[in-house]
Number of protein chains: 2
Amino acid sequence: MSLLRPALLACALCAALAPLHAPAQPQVRGMQEILASAPAADWRELDPERTLYMDLDSGRVVIELAPGFAPAHVRNIRTLAGEGFWDGAAIYRVQDNFVVQFGDANADDPAGARDLGGARRRLPAEFERSAAGLEFTELPDADGWAPQVGFAEGFPAGRDPVAGKAWLAHCYGMVGAGRDLEPDSSVGAELYVVIGQSPRQLDRNITVVGRVVQGMELLSALPRGPEPMGFHEDPAMHVPIRSVRLASSLPAGERLRLQALRTDSASFAELVESRRNRRDAFYHRPAGHIDLCNVPLPVRVAAE
Amino acid sequence: MSLLRPALLACALCAALAPLHAPAQPQVRGMQEILASAPAADWRELDPERTLYMDLDSGRVVIELAPGFAPAHVRNIRTLAGEGFWDGAAIYRVQDNFVVQFGDANADDPAGARDLGGARRRLPAEFERSAAGLEFTELPDADGWAPQVGFAEGFPAGRDPVAGKAWLAHCYGMVGAGRDLEPDSSVGAELYVVIGQSPRQLDRNITVVGRVVQGMELLSALPRGPEPMGFHEDPAMHVPIRSVRLASSLPAGERLRLQALRTDSASFAELVESRRNRRDAFYHRPAGHIDLCNVPLPVRVAAE
């Protein structure tokens, strides 16, 4: 991730060799080394019951759902996926440095809207949940958006120990449920994905349902819609969605075997520390700090 | 910026009307209202001597340079632009959630590299500057990356009052000078632009030279290069640069008349507060906080 000039191979080599001629530097491992040697137990298989595949013409976007934080929304999303609600729907909004949004572009037109089928028409707002019983790996660094930040169920999250509440944080790649002005007006049919600087002001103001774990570049590089909100009014600019399916609805042999690094593992703790204080030769002054949304959440394809 | 469902016109109306049927809500103005009524004195014209036009086939990217923070780099960049160094060069790196990088894709090949002409081959690292004499509009909210954060010369910046230093912050759209491992190895010929979550760990580790003030979407929506660093090794994926010129090198009538909201103005202070505590009807719980890189830095086309 260093900002090297184009001779990256030569310079990647320089960086790798640097500890040899800089013996005063403490031996701190970088992300690739940490991940390469992480024991199998530090990885978890994505649960096909809470993994969505969104297939576009350009490829597959994989979303991990967060039923621990938004159980009613995730139930609706499972129903909608099972009934093919999004098949032939579209990505209709791309706002630079904010979100991509997809679903039924005609949702608010009673004559043209897709039928929600067996999904519920009204859900509770799931902006936060009880922190009781929730395993929470706290980040050593605080931020101004939440009393505590860290990771829960593999997602970036905030926690208020006084109120006893926890919530998912709007980091890059997080998926939320679009709504109208009423807090309980989202049903999970219109979803958005963060593609820019983390809009943490939305935390606890909208229901977050999961995270994109693969294929972000298929969303983040889409042509931006017109200012100010990025809605593509021209249907020719809509990006068609072939299908959105639960991984569990596919035969086991056709599922992606993705694994996420456990955020409660020793490998993850080492990774966080290696990012809080960058020790590779590129960094002149390690920050001694990291923001929640700068922490990488590694996902890999399982070895055969 | 609310995450409304597609009936945006109807809902934008709802939001505008909300104060009428929610009279308990304090009357706080939103960004559009603040900007629309900002007095002329709260806007500053971009100085053509420190404004770069990067012309791509897709349109123009406008960069405001920061000679107050990186005088030697900006001097080199002016020389390079004046001599047409980047004309026919390319954007050769697009790393998702990190940076776009452009310049001479062959910079490290002595046989194929472009000549730097009258530009200096060695510059001092300009990672920070003296805070003495620098007007600094401090943000009321702290973050973990710097003792103080705020705005200086229109840019997001950090400041250390004990060390007496200030520096530019790696927010979305900021432009920096790529370098090798040595701190003083950048010359301003290879530049990068932040297109994702702010990589603030780079602050004070690399020379920041300015900010994209128009045309970000021409960079941020480019197809991503291969992992892990996003360098497009296939030259067919390189995005050609038609030219990079200083605005002052064009006849006055051909320059864009862009104006930036002064970050030391009352309008900007009101804007910051309106974003720290979102009071429009969409927000159930205003954050009472904002991170430096979430503060909008408005730029407009001057009225004729």
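Predicted model: local features only at pLDDT ≥ 70, side-chain atom pairs only at ≥ 80, totals over all residues.
Some housekeeping. Local features need pLDDT of at least 70 and side-chain atom pairs count only at pLDDT 80 or more, while totals for chains, interfaces and linings use all residues. Residues are numbered from 1 along each chain as its sequence is written, chains are lettered from A in the order in which they are written, and side-chain values use heavy atoms, with hydrogens and water left out.

Now the interface. Chain B gives 66 residues to the contact and chain A gives 66 residues, where contact means heavy atoms within 4.5 Å. The copies meet through the same surface, because 100% of the interface residues of chain B are also interface residues in chain A. Between them the chains bury about 6300 Å², 58% of it on carbon and sulfur atoms; that is accessible area (1.4 Å probe) lost on being put together, summed over both.

On to charges. Two salt bridges cross the interface, each a side-chain nitrogen of Lys or Arg within 4 Å of a carboxyl oxygen of Asp or Glu. One of them joins A:Glu128 and B:Arg285, at 3.4 Å, N to O.

Key
Buried area = accessible area lost by both parts, 1.4 Å probe.
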